[in-house]
Amino acid sequence: MQGVLTGFTVIATVIAVGYVIGRRGYLGQDGRTVLTRLAFNVATPALLFTMLAGADLSVVLSGRLLVTAVAMAATAGIFAVVARFLLRWRADRITIGALCSSYVNAGNLGIPIAVYVLGDASLVAPVLLLQQIVVTPLALTVLDLSRPGEPVSAARRLTTPLRNPMAIGSLAGVAVAASGLTLPGPLVEPLVLIGNMSVPAVLLAFGISLYGGERPGRGEDRGALHLSVALKSLVQPAVAWAVGAGLFGLRGEALLDVVVIAALPAAQNLFTYAAHYRVAERFARESVLLSTLLAVPVLFTVAALLGP
């Protein structure tokens, strides 16, 4: 239980500082934009590179990760179908909505919860790798190709991930890990220092965005918002439990691991994506906020029902 409280306290504190910054105007009118650009183009790519360059890629093949992948695909798919055929959303808005319905906060919240609730920080490594190696490059490619402008050629479509800073950071990190190379300290340490700005920048920008905004769930997309939050907070852990116990025969700590990871809220960097591409910004902000608030009772319930 301590991990749940620790993780949420850290996040809430930094977001609150961002809110005060926005309220006081310490960074001016463009403060949030500058922090978003810093996170998207510089800090987060550096963080992804350093994290993945030293990762054990064999963890991607774990059976538990397959349960997590199925749960993520199920909730993202449900939202995408509803948004496409009932709401008539465009591809870029569907992408942000599907991410908010499935993409878990495995980094700055998942790690402390894994340490204090599950007893092993490495348990979030597979989902971190899945999201950064597969989900993020695909989603950002769709967002890049959905930008208004001239028709996109086939060559440009194929090379889109190679021009996106976060996709470049992820793929370069994977390439280093696959090669088995150990990078020299003078090269890695500056990147680590820059990457350490990523999470604070994202959380501060998120906090700034909360100042002056309306109460969550009152916009024109409130129906889609409620669907996204319900899918992320309730359906995804339920699917993980059903698939893990029913199809893979997981029991005890193994089942608890996959359900807790699925119950993590939507990641704050999804707001960074929405803000960078100027797509569904309010939707992303409110979905992340509501799923984070709802994750507190959900995680406590999961730990009480499935914990030792």
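These are my notebook entries on what I looked up in this structure, which is a predicted model.

**Entry 1: the whole protein**

I began with the overall make-up. The protein has 14 helices and zero strands. Reading along the sequence, I wrote down the pattern α-α-α-α-α-α-α-α-α-α-α-α-α-α. Next I asked what share of the 308 residues is buried. Buried residues make up 47% of them. I also looked at contacts between residues with a separation of 6 or more, and 84% of these join residues 24 or more positions apart.

**Entry 2: helix H10**

I picked H10, which runs over residues 198-210 and has 13 residues. From its first C-alpha to its last, H10 reaches 19 Å. That is close to the 18 Å expected at 1.5 Å a residue.

Is H10 largely enclosed or largely open? I found that 10 of its 13 residues are buried, so H10 is largely enclosed by the rest of the structure. I noted the buried ones: Ser198, Ala201, Val202, Leu203, Leu204, Ala205, Phe206, Gly207, Ile208 and Ser209. After H10 comes Gly212, and its phi is positive, near 85°.

**Entry 3: helix H13 and its cover**

I then turned to H13, residues 269-277. Eight of its nine residues are buried, so H13 too is largely enclosed by the rest of the structure. The buried residues are Asn269, Leu270, Phe271, Thr272, Tyr273, Ala274, Ala275 and Tyr277.

What covers them? The cover includes H2, H4 (91-100), H6 (125-145), H8 (165-179), H10 and H14 (281-306).

Before looking at pairs of helices, I reminded myself how they are described. Two packed helices are described by the angle between their axes and the distance between the axes.

For H13 and H14, the axes come within 8 Å and cross at roughly 175°. An angle over 145 degrees counts as roughly antiparallel, and therefore H13 and H14 are roughly antiparallel to each other. On the H13 side, the contact is made by Leu270, Phe271, Ala274 and Ala275. On the H14 side, it is made by Glu281, Ala284 and Arg285. Sorted by class, this contact has five nonpolar, no polar and two charged residues.

The loop between H13 and H14 holds Ala280. Phi of Ala280 is near 50°, a positive value in a residue other than glycine. Is Ala280 buried or exposed? With a relative accessible area of 13%, Ala280 is buried, because buried means under 20%.

**Entry 4: H2 against H9**

My next pair was H2 (residues 31-53) and H9 (residues 185-195). Their axes come within 7 Å and cross at roughly 130°. That makes H2 oblique to H9. H2 passes H9 in a left-handed crossing.

Which residues meet here? From H2 I listed Val42, Ala43, Ala46, Leu47, Phe49 and Thr50. From H9 I listed Val188, Leu191, Val192, Ile194 and Gly195. By class, the contact has nine nonpolar, two polar and no charged residues.

**Entry 5: Thr36 in H2**

I stayed with H2 for one more residue, Thr36, which is found in that helix. Thr36 is buried, with a relative accessible area of 5%. What is Thr36 in contact with, leaving aside its neighbours within four places in sequence? The answer is Ala205, Thr272, Ala275 and His276. I had already seen Ala205 among the buried residues of H10, and Thr272 and Ala275 among those of H13.

Ala74 is found in H3, residues 63-85. Ala74 is partly exposed, with a relative accessible area of 27%. I compared its place with that of Leu231, which is 157 residues apart from Ala74 along the chain. Their C-alpha atoms are separated by 9.1 Å.

I finished with Arg88, in the loop between H3 and H4. Arg88 is not a glycine, although it has a positive phi of about 60°. Is Arg88 buried or exposed? Its relative accessible area is 59%, so Arg88 is exposed.

How values were computed. Residues numbered from 1 in each chain as written. Predicted model: local features only at pLDDT ≥ 70, side-chain atom pairs only at ≥ 80, totals over all residues. Heavy atoms only, no water. Helix = DSSP H or I, 4+ residues; strand = E, 2+ residues; numbered from the N terminus. Expected span 1.5 Å × (residues − 1). Buried < 20%, exposed > 50% of the residue type's maximum accessible area, 1.4 Å probe, protein only. Axes fitted to C-alpha atoms, helices over the stretch in contact; angles between N-to-C directions. Parallel < 35°, antiparallel > 145°, perpendicular 65-115°, else oblique. Left-handed = near helix turned anticlockwise from the far one by under 90°. Contact = heavy atoms within 4.5 Å. Nonpolar A, V, L, I, M, F, W, Y, C, P; charged D, E, K, R; others polar.
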